[in-house]
Amino acid sequence: MSQPKPLNLPFDPIDRAAESWRAHFGPSSAMAAVTSIMRAHQILLSQLDSLLKPYDLTFARYEALVLLTFSRTGALPLSRIGERLMVHPTSVTNTVDRLEKSGFVTRRPNPRDGRGVLAEITEAGRDVVRRATADLMAAEFGLSMYAEDELSQMFDQLRTLRVAAGDFPASSMRQDEGHGGLL
């Protein structure tokens, strides 16, 4: 997997910023955590997009194809895609446009809504999902430096943030032994 160019700094710039933050503003734990999350997002997105580039995909386009793969019929209304991927309708339109140009999806009228449009995955789309997923799984989605229990803890900690943001109610979480906690 292609890695972003290492910074090779002689110090941790986020830790250094946290020290300065404490000296100027007070407690810095939240600032250091959010800055670390944002940097991790940059690193992971760069790695995943590099891995998916040979397939003419970005991670956002890959997610849309996977969602269509998981759907019962292989087709979903654009509004449902946006809802499930938690993105703005304009982003969905742009994503589906690019996937359509690549031959991975087609648009068709929604039979349940005369004005609506469905995005439907093509055989080429299903094939590219299979191949790209094999590469992502082999690369452990860029998180191979973590043990399984650490990944589970990370998921649980970030899920708390998502519940607090209103992504879904805490009451909808279920016990899942495979994940070691509430889902």
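Predicted model: local features only at pLDDT ≥ 70, side-chain atom pairs only at ≥ 80, totals over all residues.
Residues are numbered from 1 along each chain as its sequence is written, and side-chain values use heavy atoms, with hydrogens and water left out. Local features need pLDDT of at least 70 and side-chain atom pairs count only at pLDDT 80 or more, while totals for chains, interfaces and linings use all residues.

Helices and strands are DSSP runs, numbered from the N terminus (helices: H or I, at least four residues; strands: E, at least two). Three strands form an open sheet in the order β1-β3-β2, with antiparallel pairing. Strands β1 and β2 stand at the edges. Each has a single partner strand, so one side of each is left without a neighbour in the sheet. Neighbouring strands are turned by 30° against each other on average, direction ignored. Two strands count as paired if DSSP finds at least two bridges between them.

Strand β1 covers residues 75-77 and β3 covers residues 113-121. Three bridges link them in the antiparallel sense. In this pairing, Ala-75 is opposite Glu-120 of β3. Strand β2 (residues 105-110) is antiparallel to β3 and joined to it by six bridges. Thr-106 has Glu-120 as its bridge partner in β3. Arg-108 faces Leu-118 of β3. A hairpin of two residues connects β2 to β3.

Two helices pack on this sheet. Helix α4 (residues 78-85) touches β1, β2 and β3, and its direction makes about 90° with that of β1. Helix α5 (residues 89-101) touches β2 and β3; its direction makes about 120° with that of β2. Contact means heavy atoms within 4.5 Å. Axes are lines fitted to C-alpha atoms, for helices over the stretch in contact, and angles run from 0 to 180 degrees between N-to-C directions.

A helix pair comes next. The axes of α3 (residues 59-70) and α6 (residues 123-138) come within 10 Å and cross at roughly 115°. The crossing of α3 and α6 is left-handed, a term for a near helix turned anticlockwise from the far one by less than a right angle. On the α3 side, Tyr-62, Leu-65, Val-66 and Thr-69 take part. Their α6 counterparts include Val-128, Val-129, Ala-132 and Leu-136.

The loop between β3 and α6 holds Thr-122. Thr-122 counts as buried because its relative accessibility is 18%. Buried means under 20% relative accessible area, exposed over 50%, and partly exposed in between (1.4 Å probe, protein chains only). Leaving aside residues up to four places away in sequence, Thr-122 touches Gly-103, Phe-104, Val-105 and Thr-106.

Two aromatic pairs are present. In one of them, Trp-21 and Phe-25 are tilted, at 4.7 Å centre to centre and 55° between the planes. Rings of Phe, Tyr and Trp (its six-membered ring) pair if their centres lie within 6.5 Å; planes under 30 degrees apart are stacked, over 60 edge-to-face, and the rest tilted. Trp-21 is partly exposed at 34% relative accessibility, whereas Phe-25 is exposed at 61%. Elsewhere, Arg-16 lies over the face of Phe-11, 4.0 Å from the ring centre. This requires NZ of Lys or CZ of Arg within 6 Å of the ring centre and within 35 degrees of the ring normal.

Backbone angles complete the description. Most residues other than glycine have a negative phi. Asp-56 has a positive phi near 60°. Asp-56 belongs to the loop between α2 (29-52) and α3 and is partly exposed, at 39%. Met-86 also has a positive phi, of about 60°. Met-86 lies in the loop between α4 and α5 and is exposed, at 56%.
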